[in-house]
Amino acid sequence: MLTRLFSLREELCTFLSQKKPELADFFNDDKWLLQLSYLADIFSEVNKLNKAMQGANTNNISQYKKVEAFKRKLKLWRVHTSSGITDMFENMHAFIQDRGISFNVVIAQVTFHLSKLLEKFNSYFPELTEEQAASYQWIENPFIENIEMKLPEASVKIIRGAH
């Protein structure tokens, strides 16, 4: 939705100039449009993650890996944006190039937003404990070496036949 809004910004500005001039001013403000372009890009990325986690052949392990990969992307994007790099955000990068404006006007906001988004993802999807990671590892690859060391103690007892 935001991507579509951003792509139709000129048409919306023309329309709003006739109907609601006070709203049209937003579409003439480069800083506001830069913020909109970032939001369009980040929501698009979250939507991609959402779609990737749905459908056939999904399970907790594959979903966990996708979320962890997304969290790593957020960390990387935060580092890049704090350095002034915008390549990973297609709409925002193109807007900066087209208008010849500086990313510095929103760099703090974007970096802060990425940090908060990462915090939220970490609170909803915390890192696995070593025991949890080990239990998933043998499910992914049941032929790993020394599996007894990687299994919880109760599982080892079951394998050995002890009660």
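Modeller: Here is a walk through the salt bridges, pair by pair.

This is a predicted model, in which local features need pLDDT of at least 70, side-chain atom pairs count only at pLDDT 80 or more, and totals for chains, interfaces and linings use all residues. Residues are numbered from 1 along each chain as its sequence is written, and side-chain values use heavy atoms, with hydrogens and water left out.

A salt bridge here is a side-chain nitrogen of Lys or Arg within 4 Å of a carboxyl oxygen of Asp or Glu. That rule gives 4 salt bridges.

Take D30 and R99. Their closest N and O atoms are 2.4 Å apart. This pair links distant parts of the chain, 69 residues apart. D30 lies in helix α4 (residues 30–52), R99 in helix α6 (residues 90–99). Helices are DSSP runs (H or I, at least four residues), numbered from the N terminus. D30 is partly exposed at 25% relative accessible area. R99 is partly exposed too, at 36%. The cut-offs: buried is under 20%, exposed is over 50%, partly exposed is in between (1.4 Å probe, protein chains only).

Helix α4 also holds K48 and E45. Their closest N and O atoms are 3.2 Å apart. They sit 3 residues apart, so about one helical turn separates them. E45 counts as buried, with 14% relative accessibility.

Now helix α7 (residues 107–124). E119 and K116 are 3 residues apart there, about one helical turn. Their salt bridge spans 3.5 Å, N to O. E119 is partly exposed at 47%, and K116 is partly exposed at 38%.

Note on methods
Helix = DSSP H or I, 4+ residues; strand = E, 2+ residues; numbered from the N terminus.
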